[in-house]
There are 2 protein chains.
Amino acid sequence: MTRAAWLEGGARLYVENARGRDPAYLIGETAVRDALGPEVEVTVRFDDQRDLEALRRATLFMGGKIDTALLSANAPNLRLVHCTSAGVEPYLPLDWLPAGAVLTNSSGVHAAKVGEFGLMALLMLNDRIPLFATNQRAHVWHRHLNGPIAGKRVLIHGVGALGGAVAEKARLLGIEVLGVRRGGGSHPHVDHMVTPERLGEVLPKADFLVVTCPLTDRTRGVIGAAELAALKPGAGVVNLSRAAVMDYDALADALERGHVSGAILDVFEREPLPASARWWDVPNLMVVPHVSADDPTSYIDRCLAILADNLRRAAEGLPLRNVVREDRGY
Amino acid sequence: MTRAAWLEGGARLYVENARGRDPAYLIGETAVRDALGPEVEVTVRFDDQRDLEALRRATLFMGGKIDTALLSANAPNLRLVHCTSAGVEPYLPLDWLPAGAVLTNSSGVHAAKVGEFGLMALLMLNDRIPLFATNQRAHVWHRHLNGPIAGKRVLIHGVGALGGAVAEKARLLGIEVLGVRRGGGSHPHVDHMVTPERLGEVLPKADFLVVTCPLTDRTRGVIGAAELAALKPGAGVVNLSRAAVMDYDALADALERGHVSGAILDVFEREPLPASARWWDVPNLMVVPHVSADDPTSYIDRCLAILADNLRRAAEGLPLRNVVREDRGY
């Protein structure tokens, strides 16, 4: 437990904001100083007004969209790079990181918001809101009744920070939670956890499938036509992860056949979703514009809290949290 | 606490089903006998196959849509008429009831389902789902971010069985609950209750308004243009009561101006809502086909449980429950 050597000369943080990003996601200088204290030297710049000299001296970097080539060529002293997203697939492999540096992500920051969103999506699927929204487009009144969600069963694929938050909220309403995660370790809000190899066994047991796994080589395309066919007839599907984990063409087919009764998708291969995309008009499919996990009221503060916590850990010689591991891909 | 005299000759129940009604709402002879036991004489008929002789002898009547003229003319021995709806406005005044008879309703039967629906509607309004559904109709991707619902405030107008169930579920997610009800008496799931006279004071404090009051002379049009204007800018509105409690034209104006950010309406003046109705296309308004409180999996069983409970109460000389009072209108 020795203080990290690179802190000796004083920590120097370079923050890069993307010009044009939603103002709610700007990392402001005041917020940074409030979170990290006066001992950290701070430079905050937009990506079109870079300070390459400050970047060269920096030991810490924080940003929402990391230009890995820039850091590789201009930031030899970095020890910790923090990204304000949870997903890090654009930054892998980590060969651009200076020797000895780590990448940390903001996994967990989304939990409060995404738990609520996940519960809402489950309730919407149970009450057939995607059907009613489809019918509204055609001015069609057609009642479809369903019993309460209490006692029904959700399968959460990927029980990390996001999936765990959805599980916690689902249990508040008496929903039974099945989970899939690497290692298959138990979780306080999951009734029954299995490893990814056993996905096929649990798919037919679920009334709802929620996908919250990270996108990695192992999860790309993990929910394809066969997995959708294995779901209980009339099941509902939610994707809060990345579009590439699921075969959306197969999902559209399952929705058109009625095997899947409704779907709520928050993520798409191309965002913004083009007006010509077929997904807008697939029956019983609701397009949500990637909002499930974003909380503008506290997002950046929570990211800064992770960075501040890691600086304390480094000072006390403790292991850092939220370190991205290249071998597992998140 | 004397056994009701009219039970002495044995209770005789006449059940009327409406031909063409959703089969989930048929009152089946087996279910009736299971609920009431062998001592009750039971006749179950569709409304196009009436048994007027059995009706004349009946002391109890149960049905989903009561033909008050029929009962007035043909059922002189009735002591208890039970309707499977909660709303009773078509049956008022009660001058068609034989002398000494009471009308009981099924208030409370909807609670499990409507609590979930109300919570879902609040989450949908917080996450701007009505906006996204409107945008989906036009193939428009526009992100709109909002913080978690925890800590926000809902005003529930009418805290009876329905409103109380919504309050209970809302509190599970940390939503603060303001309530309006006659008498203003406290409620275990309501943080702050006021009487209807003080509605104007609490409207500006709410992020969401949920209307769950019965339709009576006092509540007709209770949410009009002035009440909607008194809401906090950007508030969301839910109606689970009856269409006539709210001025939908004023609501459409408020939605078009953006003063109300979204609305979820489960009830309409004419149902089925005609294809030509303007509500289908009002921006940020979601049309739900009167499903919020219907639970086909247990609805009739719960109605029968109320009737069975009242028979026990009559046998023990106790006051009946769910008795409709003409003076208050529900």
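This is a predicted model: local features need pLDDT of at least 70, side-chain atom pairs count only at pLDDT 80 or more; totals for chains, interfaces and linings use all residues.
The phi angle of A:Asn284 is near 65°, which is a positive value in a residue that is not glycine.

**Extent of the interface**

- The size of an interface is often stated as the accessible area that is lost when the parts come together.
- For chain A and chain B, the buried area is about 4500 Å², and 69% of it lies on carbon and sulfur atoms.
- On the side of chain A, the residues that lose the most area to chain B are A:Gln136, A:His139 and A:Trp141, which together make up 20% of what that side buries.
- The contact involves 52 residues from chain A and 52 residues from chain B.

**Polar links across the interface**

- Between chain A and chain B there are 24 residue pairs in polar contact, with both residues at pLDDT 80 or more.
- The interface of the two chains also has 4 salt bridges.
- One salt bridge joins the side chains of A:Asp294 and B:Arg143, with an N to O distance of 2.8 Å.

**What the side of chain A is made of**

- Four elements of chain A give two or more residues each to the side that touches chain B: helix H4 (111–126), helix H5 (129–137), helix H6 (161–172) and strand S12 (285–287).
- H4(A) provides the largest share of that side, with 9 residues.
- By residue type, the side of chain A that touches chain B has 31 nonpolar, 10 polar and 11 charged residues.

**Symmetry of the two chains**

- Two copies of a chain are related by a rotation about an axis and a shift along that axis.

**A domain from the record**

- An unreviewed UniProt entry lists residues 119–292 of chain A as "domain: D-isomer specific 2-hydroxyacid dehydrogenase NAD-binding".
- The span 119–292 of chain A is 28% helix and 18% strand, and its end C-alpha atoms are 11 Å apart.

**Cis peptide bonds in chain B**

- The bond from B:Leu92 to B:Pro93 is cis, with omega near -5°.
- B:Pro93 belongs to the loop between strand S4 (80–83) and strand S5 (102–104) of chain B.
- The bond from B:Glu271 to B:Pro272 is also cis, with omega near -5°.
- B:Pro272 is in the loop between strand S11 (260–265) and strand S12 (285–287) of chain B.

Key. Residues are numbered from 1 along each chain as its sequence is written. Chains are lettered from A and ligands numbered from 1 in the order in which they are written. Side-chain values use heavy atoms; hydrogens and water are left out. Contact means heavy atoms within 4.5 Å. Buried area is the accessible area (1.4 Å probe) that two parts lose on being put together, summed over both. A polar contact is a pair of N or O atoms within 3.5 Å; within protein, one must be able to donate a hydrogen and the other to accept it, and residues adjacent in sequence count only if both atoms are side-chain atoms. Ala, Val, Leu, Ile, Met, Phe, Trp, Tyr, Cys and Pro count as nonpolar, Asp, Glu, Lys and Arg as charged, and the others, Gly among them, as polar. UniProt positions are given in the numbering used here, feature names are shortened, and annotations may be inferred rather than shown by experiment.
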